[in-house]
Amino acid sequence: MGWTSEMLALDFDVSREKQDEYGMLSHRRASAAQRQGRFHCEILPLQATVLSDPANCSGGRVSILVDKDDGIRHDPTPETMRAARPAFKGFGDERSTGPNSSQVTDGAAMAILMKRRLAHQLGLEIAATHIGTSVVGVRPSVMGIGPVEAILKVLSSKQLEIDDVDLFEINEAFGSMYAYCVETLGLDLEKVNVNGGAIALGHPLGATGVRQVVTGVAELQRRRRENQAASPSLLCTSMCVGSGMGAAALFAV
C-alpha cells in the first residue's frame, strides 16, 4: 500500500510539503473534536486488558477503559511534520511519513441497515437514509485516485452535483491520495473530514467504511440540532480500495 502512495505522489506530483499540510490538518481537526467531546456519541466504551509495560511482553497486565482514539497527534506543527522520517524506504522518493499517512490501528465499527418499514415496526430511530452506492475500477498502482471516480459516479447516478453535498467523509489512506482527491474534485475543505480522518484516527480494515458513515451522520445530526434545520442534509462517504478500486455512498441525514 505504501508503494501505491509513493507512485501516486510521483505520477501526480503531490509534494511531501502538501502531504504534511493535509496530515497536520487531520490531526488538528481530530484533536479539537476529541477535546470538545464530539466523538462521545459515536463511541461505545469497552474494557480491555493491556500490558502494564508495552516494552515488556512478559510483564503484567492491567484493565483499562477504551473510550477514545489514542493515535491522534495533538498539537502538531510544521516543524514536527517535517522532522518525520519516510515510512516506506526505497519506494518512490519517500514522501509518505507516519504523520501524513493513516496509522496502523485496531478498531471496529457497526451500523444497522434495514428497510424503513421494519425500522418503524421495531420502534427504532432512523439515523439516516441510504440513497445510493457506486464502485469503480482504477489503475491498481495508483488505487488512491478511486474516490474521485466513485464520487462522480454516485452523484451522477442521482442527478446531483458536488455542491449538493453538505459533508464529505473521504478516507485518508495517505496524504498523497487525500490531497489528490480533494484538489481534483475541487472540494471545499470546510466540507471534508471536518473532525479529522484516517491520518489521525486510523484505518482499521473492515471498519473504516462504517466509521466514516457513523462520524458523518453524527456530525450532520449535531448540526441539525444546533441549527434546528428541518430539511435533510446530504453526506457522501468514499474510500479507495486495494487492487485498484474506489467506492462512494450517499446518505440523507
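Guide: Contact here means heavy atoms within 4.5 Å. Keep in mind that this is a predicted model.

Visitor: Thanks! With that in hand, which residues does Ser141 touch, leaving out those up to four places away in sequence?

Guide: Ser141 touches Trp3, Thr4 and Met7.

Visitor: And where is Ser141 found?

Guide: Ser141 sits in the loop between strand S3 (129-137) and helix H5 (146-157).

Visitor: Is Ser141 buried or exposed?

Guide: Buried, because its relative accessible area is 18% and the cut-off for buried is under 20%.

Visitor: Switching topic: how many aromatic pairs does a search of the whole structure find?

Guide: Three aromatic pairs turn up. One of them joins Phe12 and Tyr180 in a tilted arrangement, 4.5 Å centre to centre with 45° between the planes. Phe12 lies in the loop between helix H1 (2-11) and helix H2 (16-35) and Tyr180 in helix H6 (residues 175-185), so this pair ties together parts 168 residues apart in sequence.

Visitor: What about Tyr22 and Tyr178?

Guide: Those two form an edge-to-face pair, 5.5 Å centre to centre and 85° between the planes. Tyr22 is in helix H2 and Tyr178 in helix H6, so parts 156 residues apart in sequence are tied together. Tyr22 is buried at 7% relative accessibility, and Tyr178 is buried at 1%.

Visitor: Now the surface: which residues form the nonpolar patch?

Guide: Leu44, Leu46, Val62, Ile64 and Val66, with about 430 Å² of accessible area together.

Visitor: Which strand gives the largest share?

Guide: Strand S2 (residues 61-66), with three residues. Leu46, for its part, is in strand S1 (residues 46-51).

Definitions and conventions. Residues numbered from 1 in each chain as written. Predicted model: local features only at pLDDT ≥ 70, side-chain atom pairs only at ≥ 80, totals over all residues. Heavy atoms only, no water. Helix = DSSP H or I, 4+ residues; strand = E, 2+ residues; numbered from the N terminus. Buried < 20%, exposed > 50% of the residue type's maximum accessible area, 1.4 Å probe, protein only. Patch = residues over 30% accessible without salt bridge, like charges linked within 9 Å, V, L, I, M, F, W, Y side chains within 5 Å. Areas by Shrake-Rupley, 256 points an atom, 1.4 Å probe, with all protein chains shown as cover. Salt bridge = Lys/Arg side-chain N within 4 Å of Asp/Glu carboxyl O. Phe/Tyr/Trp six-rings, centres within 6.5 Å; stacked < 30°, edge-to-face > 60°.
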